[in-house]
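Please look at the structure before reading on.

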Amino acid sequence: MSPLTSSTKGPRPLRPSLKKARLSNDTPKATTKRPRLDPNTIKSTSVKAKGKERAALAETTLKTKKKASTATSDPSSSTSLPTAFKVITGSYEKLLYGLEGSVSTEGSEYRFNLKPIFIFPAHVSCIKAVAASPQGGKWLATGSADEIVKVWDLRRRKEIGGLMHHEGSITHLEFPSRSFLLSASEDGTLALFRARDWAVLRTLKGHKGRVNSVAVHRSCKVALSVGKDRTLRMWDLMRGKGSASTKIGKEGELVRWSTDGSFFAVQAQNTIDIYSTEMELLHSITHPSRLHDIKFCKRADGDGELLFAGGEDKKLSVYDVPRDHAKVPTIIAEMVGHSNRVKAVDWMRIALPGGATRQSTTLVCTISSDGKVRLFDLAALPASSETKVELQPVAEYDTKGTRLTCLALADGNSGAGSTVNGKRKRDDDEGDDEGEDEDDDDSGEENEAEWDVDGAAEDGASDDDEGSDEDE
C-alpha cells in the first residue's frame with residue numbers, strides 16, 4: 001500500500017537532530033507552598049537565567065510571542081480570522097480523520113459544510129491526542145499508546161516523521177505557538193520540541209506518575225499540569241524548569257486556563273474546581289454526569305466567558321462564568337444531538353462570507369463515542385435567557401461507528417500564512433525545508449494520494465483490540 005500504511009508498522013524517525021537529547025534533565029524541586037501563578041513573575045527570572053542555550057531559548061520564545069501577539073492582536077476582526085477550517089480527530093481504531101469545513105451562503109443565511117479529506121490508520125495503537133499549530137494550521141501532531149508523537153504537514157498532506165522521545169503512552173499534545181510543541185506522557189514527563197527541526201529543547205520532570213493534562217498560559221511563559229500523583233504543577237517555559245507544585249487532593253484529569261488567563265479550572269470525575277492565579281479555590285462545581293472534556297470560550301458576541309463541559313450525559317453543557325468571580329457559574333445552554341458520551345470539544349472563531357447576516361461567528365465542534373462529529377454555531381446562543389437553551393447542530397459527519405477519542409480544529413485557509421505582513425509564508429517555507437527529511441523525494445501528488453479517503457478505512461476500521469469502553 002502507500003508509505004503511510006508502512007509507517008504504522010515502523011514509524012520513521014525524524015532527522016538526526018532529534019538525538020540532540022535533553023538540554024537539561026534536572027528534576028525541578030517541588031514545594032508545597034501555594035504558588036502565585038502570575039506569568040509576569042517569569043519575565044524577570046528568565047532574564048537572569050544562566051547559559052547561552054537558556055538565553056537563546058528565552059529570546060526565541062519572546063520573539064515568537066511578539067509575532068503571535070501581532071498576528072492575533074484583534075481576534076474579533078473578521079479580516080484576521082480564517083474563512084475555512086479543518087477538523088482532525090483520532091480514534092481507538094487507530095484511524096485519523098481529517099474533515100474540511102467551509103461556509104456557504106444562501107441569501108443572507110449561511111450554512112456549514114463538512115467533507116472528508118483523509119482517513120487512514122496513523123498509528124499502530126489507539127490515538128490519544130491530537131494538536132494543530134495555530135496561525136495557519138501547518139503542523140499536525142498526533143500521540144498514541146504506541147509512545148510515539150507523529151508530525152504531519154497538513155498543507156502538503158504528508159508525514160514528516162515520528163518523535164520517539166517518551167517511554168509511555170502520549171496523553172496530551174499542545175502547540176503553545178507555531179514554533180513549539182509540548183507533549184505529556186504516562187512516563188511522568190513533559191517534553192518541549194522546537195518545530196524548526198523537531199529537536200528536544202527540554203524534558204520537564206517532576207510528576208511521580210502519569211501526566212494527564214497540560215495547559216499553557218496565553219502568555220506562553222507558564223504551563224500547568226495535573227497527573228496521577230494528585231498534584232498541580234507549574235512550569236516556567238522560559239527557563240524550561242518546574243517552578244512550583246501543590247497537592248490538590250485528587251487526581252486531576254484536565255486543567256484549562258480561562259481565555260484571558262486570569263483563572264483556571266481542574267476537572268476530576270464529575271467535578272470542576274475553579275482557581276484564581278493565587279491558587280485560591282473560587283468554586284467547586286458538581287456536574288450532573290461524569291466529564292470527559294472541559295474548555296473555556298468567549299461568547300460569539302461580547303466579552304462574556306463560557307465554559308463547555310462534555311461527558312456521559314451525551315450533551316455539551318454551556319456554563320456562564322460571571323465576571324464577578326464570587327458568583328457561581330451556572331448552566332445556561334446545552335448542545336444536544338449525540339447518542340453516546342461526548343469525548344472532546346474544541347472551538348474556533350471564523351469569518352463568514354460576504355452577504356451573511358454577520359461578519360464572524362464562533363464555531364464549536366464536538367466528537368462522541370457514537371462516531372459522529374457535530375458542529376454548533378455559538379451565535380445561536382442568546383445574550384440572556386431565563387430558561388436553559390437547547391442548541392441543535394448545524395452540521396455533522398458520521399464515521400459509521402468509529403470510537404472517536406480526541407479532537408483539534410485547524411485553520412483551513414491554504415494560504416493563511418501569507419497574510420501577516422508577508423512574513424508568515426516565508427517563515428513556514430523555511431520550516432518546510434528544515435522539518436522534512438532531506439532525502440525524501442516523494443512528490444506532492446503522491447503524498448496527497450496517500451491521504452485520500454477512498455478505501456483508507458478498511459485497513460483499520462475492524463481493529464478493536466486497542467481500547468475498550470472501560471478505558472473511555
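Q: In this predicted model, over how many bridges do E4 and strand E5 pair?
A: Strand E5 covers residues 139-144. E4 and E5 pair in the antiparallel sense, and the number of bridges is 5.

Q: Which residue of E5 is the bridge partner of Ala129?
A: Strand E4 spans 127-132, and its pairing with E5 is antiparallel. The bridge partner of Ala129 in E5 is Gly143.

Q: Which strands stand at the edges of the open sheet of 4 strands?
A: This sheet has the order E4-E5-E6-E7, with antiparallel pairing. Two of its strands have a single partner strand each, so one side of each is left without a neighbour in the sheet. On average, neighbouring strands here are turned by 20° against each other, direction ignored. The edge strands are E4 (127-132) and E7 (158-163).

Q: Which strands stand at the edges of the open sheet of 5 strands?
A: The order in this sheet is E20-E21-E22-E23-E27, and the pairing is mixed. A strand with a single partner strand has one side left without a neighbour in the sheet, and therefore the edges are E20 (291-298) and E27 (389-391).

Q: What does the twist average from one strand to the next in the sheet with the order E20-E21-E22-E23-E27?
A: The sheet is open and has 5 strands. From one strand to the next, its twist averages 25°.

Q: Which residue of E23 is the bridge partner of Leu316?
A: Strand E22 (residues 316-321) pairs with strand E23 (residues 330-335) in the antiparallel sense over 5 bridges. In E23, the partner of Leu316 is Met335.

Definitions and conventions
Residues are numbered from 1 along each chain as its sequence is written. This is a predicted model: local features need pLDDT of at least 70, side-chain atom pairs count only at pLDDT 80 or more; totals for chains, interfaces and linings use all residues. Side-chain values use heavy atoms; hydrogens and water are left out. Two strands pair if DSSP finds at least two bridges between them. Axes are lines fitted to C-alpha atoms, for helices over the stretch in contact, and angles run from 0 to 180 degrees between N-to-C directions.
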